[in-house]
Amino acid sequence: MRVESVTSAQNPKIKELLALQEKSRLRREKNLFVVEGRRELNRCLDAGYRIKTLFTCPEICSEQDIEEISEKILSQKPLPGQCEPSLIEIPAVLYEKVAYRGGTEGLIAEAVMAPASLEGLHLRENPLIVVLESVEKPGNLGAVLRSADSAGADAVIVCDPLTDLYNPNLIRASTGAVFSTPVAIASSQESIEWLKANKIQILTAQLQDSELYYNTDMTPGTAIVMGTESTGLTDIWRENADRHIRIPMLGKLDSLNVSVSAAILLYEAVRQRNR
């Protein structure tokens with residue numbers, strides 16, 4: 001692995017790192033995103049993501065951590081046309097400027113995005129899937145991915161997304177579950193056709209014309225579909241659902257945060273499948 005030292009914030013590689021953190025358009029153009037922190041970086045590598053550049057701060061990061069991450073990077077076969085990954089050492093004063101958040105152990109990397117298509121999902125018998133339509137807050141999507149990983153869901157399908165899957169806030173909120181949970185991005189119409197073709201029942205979370213979630217059989221292949229907190233699901237999902245389900249609201253409010261709702265519904269499926 002090529003090793004070099006950079007000390008200036010005006011260095012082109014530092015400028016690119018900062019721009020990738022801030023601009024989703026550049027992430028798409030470069031097919032790159034930024035991941036920082038030992039835990040998230042290890043989960044990223046364990047999921048098979050390739051690293052283009054690893055930035056380390058020897059004043060903060062232990063030599064053991066640098067060696068461990070470097071060995072994982074070098075053990076991977078490069079993608080066709082991918083250059084040899086490089087390691088760039090930066091001082092603490094510069095690391096503080098490029099780190100998106102504190103306490104990330106002096107490790108930041110530029111990673112290559114992975115394909116996120118419905119065709120790439122591999123399903124077990126009676127899969128459990130979360131579908132999110134037009135969720136716009138990266139923190140919410142990250143929290144749903146974390147719950148999906150915890151509940152052992154087979155996949156999360158993001159329909160008509162209003163947020164970037166590799167937004168730094170999403171990666172942080174997911175604590176790396178964005179790497180460990182299979183994710184597909186598609187339109188609502190494509191997702192409905194795919195679910196029906198795979199004989200997966202569609203359960204839409206909605207208040208209207210719905211039954212209590214714990215009275216609904218979730219042991220067959222199931223997709224739990226949720227929309228935004230403000231507008232809910234669009235008609236295409238309501239019209240194509242096999243069941244409409246709801247969580248009882250006993251107070252004065254009529255909705256929960258989408259990530260909280262996802263956790264409740266996912267663990268009901270887990271409960272039913274393990275009784």
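Is Cys 159 buried or exposed? Cys 159 counts as buried, because its relative accessibility is 0%. Please keep in mind that this is a predicted model.

**Cysteines**

- The structure has 0 disulfides.
- Cys 57 takes part in no disulfide, and the nearest cysteine sulfur, which belongs to Cys 61, is 8.3 Å away. The cut-off for a disulfide is a sulfur pair within 2.5 Å.
- Cys 57 has a relative accessibility of 0%, so this residue counts as buried.

**Aromatic pairs of Phe 33**

- Across the whole structure, a search turns up 6 aromatic pairs.
- One of them joins Phe 33 and Tyr 49: this pair is edge-to-face because the ring planes stand at 85 degrees, with the centres 5.7 Å apart.
- Phe 33 sits in strand β2 (residues 32-36), while Tyr 49 sits in the loop between α3 (38-46) and β3 (51-56), so their pair ties together parts 16 residues apart in sequence.
- Phe 33 also pairs with Tyr 166, this time stacked, at 4.2 Å centre to centre and 20 degrees between the planes.
- Tyr 166 belongs to the loop between β7 (155-159) and α7 (168-174), so its pair with Phe 33 in strand β2 ties together parts 133 residues apart in sequence.

**Burial and the cluster**

- Phe 33 counts as buried because its relative accessibility is 0%.
- Tyr 49, at 10% relative accessibility, counts as buried too.
- One aromatic cluster brings together Phe 33, Tyr 49, Tyr 166 and Phe 179.

Methods:
Residues numbered from 1 in each chain as written. Predicted model: local features only at pLDDT ≥ 70, side-chain atom pairs only at ≥ 80, totals over all residues. Heavy atoms only, no water. Buried < 20%, exposed > 50% of the residue type's maximum accessible area, 1.4 Å probe, protein only. Phe/Tyr/Trp six-rings, centres within 6.5 Å; stacked < 30°, edge-to-face > 60°. Helix = DSSP H or I, 4+ residues; strand = E, 2+ residues; numbered from the N terminus.
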